[in-house]
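Subject: Structure handover

Hello,

Here is the structure I said I would pass on. My notes on what was found follow below it.

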Amino acid sequence: MATRLKDIDAVVVGMGFSGAILARELTKAGLNVVGLERGADRNVAEEFTLSRLRDELRYVVRLELMQDNSTDTITFRNAPDELALPIRRFGAFLPGEGVGGTGIHWGALHWRFLPTDFRIKSVLSEKYGAKAIPDTMSIQDWPVSYDELEPFYDHFDKLCGVSGQAGNLRGTKVAGGNPFEGPRSEHYPNKPIKTGTGPAMFSAAANSLGYHAFPVPVATSSAAYVNPEGITLGRCEYCGHCNRTACESNAKASPNVNLMPVLRADPRFELRTRVFVTRLVYDKAAKRVTGVVYTDMQTGEEYEQPAGIVVLSSFVFGNTQQLLLAGIGEPYDPRTGKGVVGKNYCYQFEAGGEAFFEGREFNPFMGAPGMATAIDDFNGENFDHSGLGFFGGGYIACTNAGAPPIGGRVLPRGEPRWGAGWKQATTKWYRSNTRFNTQGSVYAHRDNFMDLDPTYKDALGRPLIRLTYNGTENDHKMSRYLVDKLESVVKAMNPTHYDLQNRPKNFTIVPYQSTHNTGGTIAGSDPKSSVVNRYLQAWDAHNLFIQGASVFPQQHGYNPTGTLGALAYWSAKAITEQYLKSPGPLVHA
Amino acid sequence: VTAKLRWRRAEGADRFQCAAYIGKRLSPAMLSWCAGEGEALMADDSLPRRRFLLGAGLAGTAMAAGIAEPLEAQQPTASPPAAASPQEPEPFVTLTALETAFIVAAVDTLIPADELSPSGSDCGVAIFIDRQLGSAWGGGGKMYRAGPFVKGKPEQGYQLALTPREYFAAGIAAANAWARKTYGKDFDRLATADRVAALKAMEGGKAEFEHFDARAFFGQLLSITMAGFFADPIYGGNRDMIAWKMIGFPGLPATYADKIDNYRDKRYVAAPQSIADFS
């Protein structure tokens with residue numbers, strides 16, 4: 001029997017970016033908030049340090065900061081008629097664990113979605129006719145517009161000290177930036193980070209073909225910066241170890257550096273770590289979640305934490321699993337298309353490759369995931385899809401993310417993988433290549449979804465979440481189109497050799513591809529087709545606010561975190577300015 | 001050794017930069033390096049002296065206690081510690097003698113000695129594998145190991161009940177059984193050309209092990225060999241940072257903000273340093 005704890009104003013489940021933002025905004029409004037995190041308390045002073053972080057084996061290969069699959073994982077299959085099996089160790093995507101969540105080890109690419117992305121179904125219908133959208137493509141308009149979100153995008157930019165070059169300042173085009181971006185109210189907080197040799201060559205080649213290259217926006221400060229929380233960020237050192245690792249320079253944005261110091265000092269906030277929330281306590285008649293039940297992993301004791309407001313801010317999989325276990329909202333059924341919880345799971349459809357330049361010295365170990373240039377000419381509705389046979393798109397980038405020696409070496413296709421010939425080849429090419437990536441959208445399909453697994457359970461005895469996902473014909477066509485466009489730019493760079501890879505037909509859970517998982521508790525204007533309303537308030541529990549990329553109706557051709565952060569601030573404002581005054585549904589269906 | 005550092009005044013980027021190190025523990029070498037970088041990092045000389053004395057009194061526990069020590073007290077590392085001599089015998093703690101012989105033969109075939117580097121085992125790769133298989137990772141740490149176990153599609157990834165330690169034990173036994181059937185002796189007894197042929201047969205899916213996936217085993221063998229060759233030397237491989245020197249990877253501290261512009265299309269060369277050099 002769970003020990004019942006004292007009532008608290010708000011409880012936050014999961015202390016990643018959105019959890020930390022909600023905790024901060026609610027305590028600022030005077031609420032007492034408890035933050036629950038099932039992983040470790042990742043303390044900056046202890047862990048974000050040199051020389052500890054310069055350990056590729058620990059962080060990149062053995063996945064130090066990632067979710068512990070022995071406690072909890074997901075099951076996976078490609079299609080509804082297949083048997084799902086557990087992911088025994090993560091591969092294709094890497095959710096983080098502990099305070100900071102996935103916001104510690106991310107590459108910090110920091111994008112906004114296009115204004116047209118937020119009303120994509122309407123835009124496609126207007127431009128190509130409603131019949132042009134296949135019946136199986138279950139995309140939806142967002143219940144919030146770009147213009148509404150813009151001030152919150154701007155605030156999240158500042159929290160993170162984002163570096164970039166504006167391309168559209170309040171409707172005026174700015175040279176050197178992304179001409180396709182939605183209007184920004186202000187410049188990026190920091191100037192773009194430095195450009196590497198490969199990305200600079202990519203820009204020149206892309207511009208020579210009439211495209212519009214620009215430095216990618218990145219939540220890594222290019223110079224010292226004080227964020228709106230009064231926290232001083234350092235400058236990026238281009239260490240080349242950013243991905244899957246924390247940042248010792250306090251340049252890469254993370255909840256731990258950019259927000260947690262303020263929360264930790266606030267007496268209205270209490271952090272409990274290594275506590276595993278097993279269920280939401282749902283009062284269906286009252287349409288309220290009365291609290292959460294968790295197990296303290298350090299003592300084995302079970303507790304019930306009653307709360308006035310429940311913020312669900314775990315990863316995409318955990319958010320969906322909690323709703324299904326608690327019976328909040330109707331589970332999605334792919335056969336009928338009815339139901340909402342688990343609907344519209346989407347991924348990121350990335351493809352790319354490498355180009356090799358004999359005799360050139362690129363110093364690939366000096367880099368950052370954001371040391372990249374991109375073109376946005378083939379993203380979303382930035383180009384005409386008439387006659388192409390697909391919808392969607394993505395940005396195309398050349399990246400100098402750093403090249404740690406175990407995993408950061410690439411070879412031209414056909415070179416030996418071991419032996420004396422391999423040694424010569426890897427020595428010859430290590431310093432003389434640059435890499436490319438296409439960040440393809442995933443437009444939801446009715447067969448791609450999440451539900452509860454009938455067989456496998458987690459360490460606390462709960463059914464695992466089951467993911468059913470495969471790449472669709474639409475998304476494969478889109479991706480091949482982007483790779484073709486990429487190839488034209490790569491050729492213009494005149495490399496000695498290049499290799500580009502299209503995605504395999506079936507989605508596979510290994511190797512690593514992207515941690516951009518979205519959907520399952522999607523936002524919408526109608527409770528029949530969505531789980532949360534425009535303020536991320538659950539239609540079926542008015543005091544439950546669900547955060548993170550699980551609310552995305554589909555995934556667009558950009559990294560999701562910029563939009564995730566903007567939505568968190570947008571939702572927090574609705575709670576503090578509307579919900580607290582009059583607790584109840586903020587949108588009437 | 002612990003140093004509590006304070007950022008003195010905000011006067012431009014370098015001064016801001018040291019804010020990142022406030023309250024963080026730094027080794028003497030790291031501290032020394034930090035202090036040399038634009039004098040951004042200064043010891044907190046405003047800290048009460050008694051705290052330093054307390055730290056000194058605690059001796060070995062100073063690190064755990066997070067007590068400050070003035071910069072002047074730090075002795076910069078004069079030179080990196082001498083590399084472990086390859087001749088010095090290092091005990092294998094996980095692999096059996098037979099398994100060790102297989103792993104040594106395998107890593108020496110995958111990474112043969114030539115003018116670019118000594119052999120895989122002389123670079124410590126076999127020791128690396130022995131230690132990794134004996135680590136939490138080798139024992140199946142952070143791995144979902146509940147059944148039922150079902151042979152899935154390749155798209156569903158690794159679905160065996162075996163931990164990495166158990167997987168390599170089974171794989172080595174299966175590889176040796178196949179080598180005996182094919183060549184009349186265990187893999188490590190084969191001549192170099194036959195070892196190369198045997199590994200190529202596994203890699204290309206032409207070797208048929210009994211009750212074991214030879215191609216997948218080769219993939220795991222190659223993967224852990226490369227990890228051992230290129231990982232930081234603290235894990236036993238990449239002895240004397242030989243693999244880093246081979247490809248031109250400079251190791252630590254990897255702070256390049258002031259170097260990128262000066263090394264465009266120009267090779268940046270530095271004598272590599274490893275984690276041990278900063279410990």
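A residue is called buried here when its relative accessible area is under 20%. By that cut-off, buried residues make up 48% of the 279 residues in chain B. Please keep in mind that this is a predicted model.

Chain B first. Its secondary structure consists of 10 helices and two strands. Read from the N terminus, the order of elements is β-α-α-β-α-α-α-α-α-α-α-α. Taking the contacts in chain B between residues at least 6 apart in sequence, 58% link residues at least 24 apart.

Next, the interface with chain A. Chain B brings 87 residues to the contact and chain A brings 81 residues. The size of an interface is often given as the accessible area lost when the parts come together. Between chain B and chain A, the buried area is about 6,800 Å², and carbon and sulfur atoms give 57% of this. On the chain B side, the residues that lose the most area to chain A are Lys142(B), Tyr144(B) and Glu155(B), which together account for 13% of what that side buries.

Polar interactions also cross this interface. The rule finds 36 residue pairs in polar contact between chain B and chain A, with both residues at pLDDT 80 or more. Several helices of chain B each supply at least two residues of the side that touches chain A, among them α1 (13-17), α5 (97-110) and α9 (214-230). The helix that gives the most to that side is α9(B), with seven residues. Sorted by class, the side of chain B that touches chain A has 54 nonpolar, 15 polar and 18 charged residues.

As for salt bridges, the rule finds five across the interface of chain B and chain A. In a salt bridge between Lys153(B) and Glu82(A), the side chains meet at 2.9 Å, N to O.

Last, the nonpolar cores. In soluble globular proteins, nonpolar side chains tend to be buried together. The largest nonpolar core in this model has 212 residues, and those with the most contacts inside it are Phe93(A), Leu280(A), Leu544(A), Phe209(B), Phe217(B) and Phe229(B). Leaving aside residues up to four places away in sequence, Phe209(B) touches Gly171(B), Ala174(B), Ala175(B), Trp178(B), Met202(B), Ala214(B) and Phe217(B). There is also a second, separate core of 12 residues, which includes Val44(A), Ile231(A), Leu233(A) and Ala246(A).

Regards

Note on methods. Residues are numbered from 1 along each chain as its sequence is written. Chains are lettered from A and ligands numbered from 1 in the order in which they are written. This is a predicted model: local features need pLDDT of at least 70, side-chain atom pairs count only at pLDDT 80 or more; totals for chains, interfaces and linings use all residues. Side-chain values use heavy atoms; hydrogens and water are left out. Contact means heavy atoms within 4.5 Å. Buried area is the accessible area (1.4 Å probe) that two parts lose on being put together, summed over both. A salt bridge is a side-chain nitrogen of Lys or Arg within 4 Å of a carboxyl oxygen of Asp or Glu. A polar contact is a pair of N or O atoms within 3.5 Å; within protein, one must be able to donate a hydrogen and the other to accept it, and residues adjacent in sequence count only if both atoms are side-chain atoms. Helices (H or I, at least four residues) and strands (E, at least two) are DSSP runs, numbered from the N terminus. Ala, Val, Leu, Ile, Met, Phe, Trp, Tyr, Cys and Pro count as nonpolar, Asp, Glu, Lys and Arg as charged, and the others, Gly among them, as polar. A nonpolar core is a set of buried Ala, Val, Leu, Ile, Met, Phe, Trp, Tyr and Cys residues joined through side-chain atoms within 4.5 Å. Buried means under 20% relative accessible area, exposed over 50%, partly exposed in between (1.4 Å probe, protein chains only).
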